[in-house]
Amino acid sequence: MRRRLLTLTAISGLALLSTPATLRGQSSASWLQWGGPTRNFVSDSKGLASTWPAGGPKKLWSRTLGEGHSSIAVENGRLYTIYRQINRSAQGTNHEEVVAAFEAATGKTIWEFKYPASTAGIDFTQGLGPHSTPLIVGNRIYTTSSRSELFALDKATGKRSWSHDMTAEYRAS
């Protein structure tokens, strides 16, 4: 199976979406869920360029995260995503999923929430997970793991508010 890497790259278009409206002189809705405000991946931002410069947009920063299929949720200059981190050592291979918050302008990590994410007993023929995107509601971030665990995290700190293991608690398949 071909290994897929999720790379978070901020370019000027993303920076425009995540920069506070007061800095741009105009308002734009945050992307609190998969696909943005209306879940169609269309931005209502005004004043965007109609073409890219010959060399492409200016890259502000980039960083490699890990494997997964998550989109980016955006609010108030912060980016939130989830990815799989695979740690290999002489003792074996350890999988974790990581929910992370970053400063949109710099890529600096604000917080990370990690938890074990074994691949045992899960069909990953469509690629290793996670296969979900964080959801921002009020002061919380909600995520779903590859193992059907639901987490509610404090948006400011990344600390777990509560969680439920849907397989263990509700016999979810």
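Of the 173 residues of the chain, 37% count as buried in this predicted model. The accessible surface of the chain comes to about 10,000 Å². Carbon and sulfur atoms contribute 51% of that surface.

The chain contains 3 helices and 10 strands. Their order along the sequence is β-α-α-β-β-β-β-β-β-β-β-β-α. Among contacts with a separation of 6 or more, 52% join residues 24 or more positions apart.

Strand β8 spans residues 140-144. In a regular strand, side chains alternate between the two faces of the sheet.

Strand β7, residues 135-137, runs antiparallel to β8 and is joined to it by 3 bridges. I136 stands opposite I141 of β8. The two strands form a hairpin with 2 residues between them. In its turn, G138 has a positive phi of about 60 degrees. Strand β9, residues 149-154, also pairs with β8 in the antiparallel sense, over 5 bridges. Here the bridge partner of I141 is L153. The hairpin of β8 and β9 has 4 residues between the strands. Within this hairpin, S148 takes a positive phi near 65 degrees.

S148 also lines the second largest pocket. This pocket has a volume of about 160 Å³. Other lining residues include S146, R147, E149, D165 and S173. By class, the lining has 2 nonpolar, 5 polar and 3 charged residues.

How values were computed: Residues are numbered from 1 along each chain as its sequence is written. This is a predicted model: local features need pLDDT of at least 70, side-chain atom pairs count only at pLDDT 80 or more; totals for chains, interfaces and linings use all residues. Side-chain values use heavy atoms; hydrogens and water are left out. Buried means under 20% relative accessible area, exposed over 50%, partly exposed in between (1.4 Å probe, protein chains only). Contact means heavy atoms within 4.5 Å. Accessible areas come from the Shrake-Rupley method with a 1.4 Å probe; for residues, only the protein chains shown count as cover. On a 1 Å grid over the protein atoms alone, a cavity is a set of points where a 1.4 Å probe fits but cannot get out, and a pocket is an open set with protein on both sides within 12 Å along at least five of seven lines; lining residues have an atom within 4 Å of a point. Grid points are joined across faces, edges and corners, and a volume is the space filled by probe spheres set on the points. Ala, Val, Leu, Ile, Met, Phe, Trp, Tyr, Cys and Pro count as nonpolar, Asp, Glu, Lys and Arg as charged, and the others, Gly among them, as polar. Two strands pair if DSSP finds at least two bridges between them.
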